[in-house]
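Hello,

Here is the structure we spoke about, with its sequence. My notes on it follow below.

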Amino acid sequence: MLQSDLTALWLTIKLAFITAILLLVFCIPVAYKLAGYKGKFKPFLEALIAMPLVLPPTLLGFYLLVIFSPAHAFGQFWFWLTGTQLAFSFQGVVIGSLFYSLPFVMQPLVAGFKQINQTYNEAAIALGLSHFKRFVYLILPLLKPSIGSAFALGFAHTLGEFGLVLMIGGNIQGQTQVVSIALYDHVESLNYAAAHQLSLILLAISFACLVLLFKFNKSIVGVKQ
């Protein structure tokens, strides 16, 4: 395998891991609030979160690229803060991936919070546990299967990014060239042997993520029962 392919593979795994972890940190408290929210704006919030499911990745990537550009206020602020630009950078790809994979992490967590038996929560309240302690010592342990599913889905979905990464990050070896883009380059140059190697590795990683996902889903069924 080419050194550039190994670099692309490592960059892809790094991107998927960082994206999944950051989304868990953001989504767990938001999903907790959303699961119990009954207000009239709930459909709008759910639609906003689910938008990346229906938007073409290139469309999402285009608008993020515009926002990341030095001509935009956010791009200017980032450059002032860090001295680097977001467009065509790994940091920009990470931020784009957070939007791209958001619903795949959020939805399992919301479903998990809804499935938690409220009897446990009521018993904890009767014992005098504070809201924070109930969340940390009772709700989060019960949510472990959902957290595992959310991480596996977010990780696996980020692995397959192509259009969004290409729009935001371009095709810079060692910086923004992920496996899907490297695979496209090999096919375009008719290097099918290298394309097969990358495809098999990506298939194996994706399959392992799905095995973990179904394992956690089975655990969720057990918790619900």
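**Notes on the model**

Of the 225 residues of the protein, 40% count as buried. Please keep in mind that this is a predicted model.

Overall make-up: the protein has eleven helices and zero strands, so the order of elements from the N terminus on reads α-α-α-α-α-α-α-α-α-α-α. Taken along the principal axes, the C-alpha atoms fill a box of roughly 65 × 40 × 30 Å. Among contacts in the protein with a separation of 6 or more, 75% are between residues 24 or more positions apart.

Helix H5 covers residues 90-115 and helix H8 covers residues 144-159; their axes come within 8 Å and cross at roughly 160 degrees. Because angles over 145 degrees count as roughly antiparallel, H5 is roughly antiparallel to H8. The crossing of the two helices is right-handed.

The residues that meet across this pair are as follows:

- From H5: Ser97, Tyr100, Ser101, Phe104, Val105, Pro108, Leu109 and Gly112.
- From H8: Ser146, Ile147, Ala150, Leu153, Gly154, His157 and Thr158.

By class, the contact of H5 with H8 has eight nonpolar and seven polar residues, and no charged residues.

Regards

Definitions and conventions:
Residues are numbered from 1 along each chain as its sequence is written. This is a predicted model: local features need pLDDT of at least 70, side-chain atom pairs count only at pLDDT 80 or more; totals for chains, interfaces and linings use all residues. Side-chain values use heavy atoms; hydrogens and water are left out. Axes are lines fitted to C-alpha atoms, for helices over the stretch in contact, and angles run from 0 to 180 degrees between N-to-C directions. Helices (H or I, at least four residues) and strands (E, at least two) are DSSP runs, numbered from the N terminus. Angles under 35 degrees count as roughly parallel, over 145 as roughly antiparallel, 65 to 115 as roughly perpendicular and the rest as oblique. A crossing is left-handed if the near helix is turned anticlockwise from the far one by less than a right angle, and right-handed if clockwise. Contact means heavy atoms within 4.5 Å. Ala, Val, Leu, Ile, Met, Phe, Trp, Tyr, Cys and Pro count as nonpolar, Asp, Glu, Lys and Arg as charged, and the others, Gly among them, as polar. Buried means under 20% relative accessible area, exposed over 50%, partly exposed in between (1.4 Å probe, protein chains only).
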